[in-house]
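These are my notebook entries on one protein structure. I record what I looked up, entry by entry.

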Amino acid sequence: MKKGYFGDFGGQFVAELLIPPLRELEHALETIVPSPEFQAEFSALLRDYVGRKSPLTHCPTLSKELGFNLWLKREDLNHTGSHKINNTLGQALLTKYMGKPAMLTETGAGMNGVATATAARALDLDCIVFMGATDVARQSHNVRRMQLLGAEIVPVQNGTKTLKDAINEALRYWIAEQRTHHYCFGTAAGPHPFPTLVREFQSVVGREAREQILEKTGELPYAVVACVGGGSNAIGAFHAFVPDESVRLVGVEAAGTGEPGCYNSAPLNLGSRGVLHGQMTMLLQDEDGQILPSHSVAAGLDYPGVGPEHAHLHDSGRAHYGTVNDAQALKAFMTLTRSEGIMPALESSHAVAWVLENRDRIPKGANVIVNLSGRGDKDMDIIEEHLGAQPVHGRKG
Ligand SMILES: Cc1ncc(COP(=O)(O)O)c(C=O)c1O
């Protein structure tokens, strides 16, 4: 396989001025990250700061109803409430090892921004966060959290003023500040080596889940299911299972409102090949290659592209990618909340919904792991807006 590529996807489609920091980062990935010293420090941070291992929780009520065993990998229990902290702490530590005093990042919903600002504080680094002006307005709670953590927020006024534009602006800023700043890319996408680097830091999720399910059931699972935005929680959950041919890997993209022709965030199912943010991947684009707006009720899935390793897993058939629409995800949110007392993030609700919607295709007695990438507290306003009419006293959704 060509270096920096996953099959036909990946690469480094960037301005020449970004090649030096990407080379430096590639070197750091090959020399610093595998070193025993770095690995020991990273493991200690994951254990003592993040709270790993995250549990693998059996869902007794839903499992009984479904006829197969539903297990949740609890990334929602991590410090800051999602899987994003695994990656940002890894990259913050790498920033230190590379001798840089500052990190920059981009954020859409704000979860990656909060996780990066947190990691920067933990390791005493400066932090600057690029965020579309539209997202700054609609995610004010997370903006305040980042500010309290001492991060500088730069509202981006270009384009649709959302995540795609924030990434463009962050890449531009990195060109100017590459000597002092590391770009802490928030998902397993972007130019090489980011997709590999982020997967490296997230693969702890699948390694733990594989050990835990073997310990609890004595066998490999029937399937591992995870939602896909840029693809970091899914690639983290999948990676340890890729060689296990019997394990089905299922990524879940967001179908938006689900109406024909509606905006969605499902580039693997509804997009085509193209270049965005330095990578060849699957994209939502029109016939002229203009990027189409994306939409999902889950802000973290709202990205018109996807990491190149997922494009390859899709192309090669090793992983299957389904879609779930906003209403199905909201319904799954209520089902998990009322059945098990666990409130999933709306992103993770897409993965739960895929299992509920496809229950008839899953054999009785099977073990299915859903990666619960985050907790739903951050989504309370959206939940109330959509499900305001739900009874508040009922036992079940
Ligand atoms: C809780 C949660 N899950 C999933 C995602 C999607 O990102 P990724 O595909 O990189 O895991 C996000 C992004 O913000 C998120 O906050």
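Which side chain has a polar atom 3.0 Å from the backbone nitrogen of glycine 113? I found that this atom belongs to the side chain of threonine 107.

**Entry on the model**

I note that this is a predicted model, in which local features need pLDDT of at least 70 and side-chain atom pairs count only at pLDDT 80 or more, while totals for chains, interfaces and linings use all residues. Residues are numbered from 1 along each chain as its sequence is written, and side-chain values use heavy atoms, with hydrogens and water left out.

**Entry on threonine 107**

I located threonine 107 in strand β5. Strands (E, at least two residues) and helices (H or I, at least four) are DSSP runs, numbered from the N terminus. I looked up a second polar atom pair and found the backbone nitrogen of glycine 110 at 3.1 Å from a polar atom of the threonine 107 side chain. A polar contact is a pair of N or O atoms within 3.5 Å; within protein, one must be able to donate a hydrogen and the other to accept it, and residues adjacent in sequence count only if both atoms are side-chain atoms.

Is threonine 107 buried or exposed? Its relative accessible area is 2%, so I list threonine 107 as buried. Buried means under 20% relative accessible area, exposed over 50%, and partly exposed in between (1.4 Å probe, protein chains only).

I then looked up contacts, meaning heavy atoms within 4.5 Å. Leaving aside neighbours within four places in sequence, the contacts of threonine 107 include Asn112, Val129, Met146, Leu163 and Ala166. The C-alpha atoms of threonine 107 and alanine 166 are 7.1 Å apart, although 59 residues separate the two along the chain.

**Entry on the ligand**

Where does the ligand sit? I found the ligand in the largest cavity. On a 1 Å grid over the protein atoms alone, a cavity is a set of points where a 1.4 Å probe fits but cannot get out. A molecule sits in a cavity if more than half of its atoms lie within 2 Å of its grid points.

There are 17 residues around the ligand, and Thr187, Gly229, Gly231, Ser232 and Ser373 come nearest. A residue counts as near if one of its heavy atoms lies within 4 Å of the molecule.

- A polar side-chain atom of lysine 84 lies at 3.2 Å.
- A backbone N or O atom of glycine 229 lies at 2.8 Å.
- A polar side-chain atom of serine 232 lies at 2.7 Å.

The protein covers 97% of the 390 Å² of accessible area that the ligand has on its own. Accessible areas come from the Shrake-Rupley method with a 1.4 Å probe; for residues, only the protein chains shown count as cover.

I placed histidine 83 in the loop between β4 (69–74) and α4 (84–97). Its relative accessibility is 6%, and therefore histidine 83 counts as buried. Beyond neighbours within four places in sequence, I found histidine 83 in contact with Glu75, Asn78, Gln202, Ser232, Asn233 and Ser373.

Gln202 is one of the buried residues of α9. Why is helix α9 (residues 194–202) largely enclosed by the rest of the structure? I recorded that eight of its nine residues are buried.

**Entry on arginine 52**

Arginine 52 lies in the loop between α2 (36–50) and β3 (56–58). I list arginine 52 as buried because its relative accessible area is 9%. A polar contact of 3.0 Å joins its side chain to that of asparagine 86.

**Entry on backbone angles**

Most residues other than glycine have a negative phi, and most peptide bonds are trans. I therefore looked for exceptions to this pattern.

The peptide bond from arginine 52 to lysine 53 is cis, with omega near 5°. Another cis bond joins histidine 192 and proline 193, with omega about 10°. Proline 193 is in the loop between β8 (181–183) and α9.

Threonine 80 has a positive phi, near 75°, and aspartate 124 has a positive phi of about 60°. I found threonine 80 buried, at 9% relative accessibility, whereas aspartate 124 is exposed, at 59%.

Conventions. On a 1 Å grid over the protein atoms alone, a cavity is a set of points where a 1.4 Å probe fits but cannot get out, and a pocket is an open set with protein on both sides within 12 Å along at least five of seven lines; lining residues have an atom within 4 Å of a point.
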